[in-house]
Amino acid sequence: MTAPGGLRIVHAHGDRITVTEPTSGVELFSYVYGPEAAWEAPKPYLHPLRTLAGNVVTDYRPNDHRWHKGLQMTASHLSGANLWGGNTYVHGEGYLELPERVGSMAHVAFDRVEADSAGRGGAVIAERLTWHPYDGSLWAEEERRVEVRDVDPASGSWALTWTSSVTNRRDEPLRFGSPTTAGRELAGYTGLFWRGPRGFRDGRIIGPDGEGPGLMGQQGPWLAYSAEHDAADGHATLVFAHAPENDHTGEGGAHPAHWFVRNEPFAAVAPSFAFFDELELAPGDTLTRRYRVVVADGVWEREEIAKYLAEHPW
């Protein structure tokens, strides 16, 4: 389907949804929701994710972590379960092969899959999912909304907004954690997770007030990652930003999330909501998080990023 002046959407039912910028013919991403290997904690993901120039900025099943798949919502430690994939971190013992802890996030239905009929060049994917431990019981229900906005060939950029609302369907609290809450230093990954291509290793990490891998575990409203393509000329920049309502501390504007970020031995970014401390979700309660990912050709500097975010309010 294609709206006037909008994007083109192709839905291969039971497998994936692909969104294409019609003027250039570039497939911006595929949203893959078909079932995959149980050991990798199957869940929907976006891959390949591309710039407007057509360059890929995600990795898929790399040989170091087969469960790293593009851009995906994860839960590395969830009340003792692993909805992240692969081995599970156990304090004092390291990463262990514990298949009985590996769960899944399952597609239920799409409530909306459409290009922007108002001609603003956007697209919307609204989905319902369920979260399960290894035994398949229902632990949570999620309402997810993935939107494409602000496709701008002049600046070589486009933006993706990801909203997840997760409701606890257990009779006891859900405890969101990470390897760091389980005892591993500076490994607080959980939540929305991006894995960059192999060629993005040693890329530039920049935030509002700092730069470099030392931003691991720090707080801030946004973080950007720039790197040079391996199979094409030029660079790309990805900007990851929090929506204002994600700040639920109410203490001087401090953000509750901490950045998990690496450029060695691979490129990865996650705005973790359980980096140092567990986040507890009571039965029947809903946790909502909204993020923006700006995908841009070229290297963006701090001032350019701040200007873009100021000119594109949530």
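Visitor: Which residue lies over the face of Trp314?
Guide: That's Arg292, at 4.3 Å from the ring centre. A charge counts as sitting over a ring if NZ of Lys or CZ of Arg is within 6 Å of the ring centre and within 35 degrees of the ring normal. Before we go on, this is a predicted model, where local features need pLDDT of at least 70 and side-chain atom pairs count only at pLDDT 80 or more, while totals for chains, interfaces and linings use all residues. Residues are numbered from 1 along each chain as its sequence is written, and side-chain values use heavy atoms, with hydrogens and water left out.

Visitor: Okay. And what lies over the face of Trp139?
Guide: Arg170 does, with 3.9 Å to the ring centre.

Visitor: Arg170 again: which residues does Leu138 touch, leaving out those up to four places away in sequence?
Guide: Thr130, Trp131, His132, Arg169 and Arg170. Contact here means heavy atoms within 4.5 Å. Leu138 and Arg169 are 31 residues apart in sequence, yet their C-alpha atoms are 6.7 Å apart in space.

Visitor: Where does Leu138 lie?
Guide: In the loop between β10 (123–132) and β11 (140–152). Strands (E, at least two residues) and helices (H or I, at least four) are DSSP runs, numbered from the N terminus. Leu138 has 37% relative accessibility, so it counts as partly exposed. The cut-offs are under 20% relative accessible area for buried, over 50% for exposed, and partly exposed in between, with a 1.4 Å probe and protein chains only.

Visitor: Switching to ring pairs. How many aromatic pairs are there?
Guide: The count is 17 aromatic pairs. The rule takes rings of Phe, Tyr and Trp (its six-membered ring) with centres within 6.5 Å; planes under 30 degrees apart are stacked, over 60 edge-to-face, and the rest tilted. One of the pairs is Trp84 with Phe193, edge-to-face at 4.7 Å centre to centre and 70 degrees between the planes. This pair links distant parts of the chain, 109 residues apart: Trp84 is in the loop between β6 (77–78) and β7 (88–90), and Phe193 is in strand β14 (residues 191–195).

Visitor: Are Trp84 and Phe193 buried or exposed?
Guide: Both Trp84 and Phe193 are buried. Another edge-to-face pair is Phe176 with Phe273, at 5.5 Å between centres and 80 degrees between planes. That one also joins distant parts of the chain, with Phe176 in strand β13 (residues 174–177) and Phe273 in the loop between β19 (268–272) and β20 (279–281), 97 residues apart.

Visitor: Why does Phe273 count as buried?
Guide: Because its relative accessibility is 9%. Phe176 is at 0%, so it counts as buried too.

Visitor: Which residues do ring pairs link into a cluster with Trp84?
Guide: Tyr189, Phe193 and Phe260.

Visitor: New topic, salt bridges. How many?
Guide: The count comes to 18 salt bridges, each being a side-chain nitrogen of Lys or Arg within 4 Å of a carboxyl oxygen of Asp or Glu. Among them is Lys69 with Glu36, whose closest N and O atoms are 2.5 Å apart. They sit 33 residues apart, Lys69 in the loop between β4 (45–46) and β5 (71–74), Glu36 in the loop between β3 (26–32) and β4.

Visitor: Which network of salt bridges includes Lys69?
Guide: The one linking Glu36, Glu40, Arg61 and Lys69. Lys69 counts as buried because its relative accessibility is 2%, whereas Glu36 is partly exposed at 27%.
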